[in-house]
Amino acid sequence: ESRRGFGDFLQKPEVVDRREDVLYCVESCVGAGSDPEDCLVITGHSQGGATATIASILLYDQLPTVITFGQPPAVDPDCESIPSERFYRYVNSKVEAGEDDDLAFDAVPFSPTFISGSAHYGYFFMLGDNDPDGKTSSIKLMGYDDNGDFNPDLVDLGIIPHKMEGTEYSYEQRILSLIQSGEFPVPIVGFSPGAICEDGYRELCA
């Protein structure tokens, strides 16, 4: 079962009508000799990420890969139509200047699941600053399915790190910074000492 509201968008006539277009594109991709597992990527930010998760269930036979940014949990645990190994979930953080280098985390992915009963799926990556000036970004693989053992203090959850674009610490800029670093594959071992690794949340550090 999915949370009401996230799936409603997918029932709109204009969205339903585009489903055939998606299927045609996937079939064309496979017909051209591509690996079927490489032909469909569904992505979204915030509620769009939750909707992407639900859309992947409807398109299960097309073997979608799902990449989301700052998404709230949207589906009940143990959903057999969600292959976790094809899900990649990014959560942002930001050093709070003037707050003794405390971290603020995107609050949306940590929405209380005891209220909704929903769960997260797939690989959980944390994005954040990799230097005190915030000029470069770093990333760490935190776990697989749900939030694992990582649960930030409530006082460290905020809406500012939830922005998709328009700021130097947005999800978009984090990803661009990692790409522009020129290091491939991108290391996912954590943040460098000296950024936020002197005090709390040491599990984020390389």
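View 1. Of the contacts (heavy atoms within 4.5 Å) with a separation of 6 or more, 64% are between residues 24 or more positions apart. The model is predicted: local features need pLDDT of at least 70, side-chain atom pairs count only at pLDDT 80 or more, and totals for chains, interfaces and linings use all residues. Residues are numbered from 1 along each chain as its sequence is written, and side-chain values use heavy atoms, with hydrogens and water left out.

**View 2. The whole protein.** Four helices and seven strands are present; these are DSSP runs numbered from the N terminus, with helices being H or I of at least four residues and strands E of at least two. Their order from the N terminus is α-β-α-β-β-β-α-β-β-β-α. Of the 206 residues, 44% are buried, meaning under 20% relative accessible area, where exposed is over 50% and partly exposed lies in between (1.4 Å probe, protein chains only). The protein exposes about 11,200 Å², with 52% of it supplied by carbon and sulfur atoms. Accessible areas come from the Shrake-Rupley method with a 1.4 Å probe, and for residues only the protein chains shown count as cover.

View 3. H2 covers residues 47–58, twelve in number, and spans 17 Å from its first C-alpha to its last. This is close to the expected 16 Å, which is 1.5 Å times one less than the number of residues. Among the buried residues of H2 are Gly 49, Ala 52, Ile 54 and Ser 56. The buried residues of H2 pack against strands S1 (41–45), S2 (65–69) and S3 (87–96).

**View 4. Strand S4 between two pairings.** In S4 (residues 102–106), four of the five residues are buried. S4 pairs with S3 in the antiparallel sense over four bridges; two strands pair if DSSP finds at least two bridges between them. Phe 105 of S4 is the bridge partner of Ser 93. S4 also pairs with S7 (residues 157–158), in the parallel sense over two bridges. There, Asp 106 has Gly 158 in S7 as its bridge partner.

**View 5. A nonpolar patch on the surface.** Leu 176, Ile 179 and Phe 184 form the patch, with about 290 Å² of accessible area together. Patches are made of residues with over 30% relative accessible area and no salt bridge, joining like charges within 9 Å and nonpolar side chains (Val, Leu, Ile, Met, Phe, Trp, Tyr) within 5 Å. A salt bridge is a side-chain nitrogen of Lys or Arg within 4 Å of a carboxyl oxygen of Asp or Glu. Phe 184 lies in the segment after helix H4 (171–180). Phe 184 counts as exposed because its relative accessibility is 57%.
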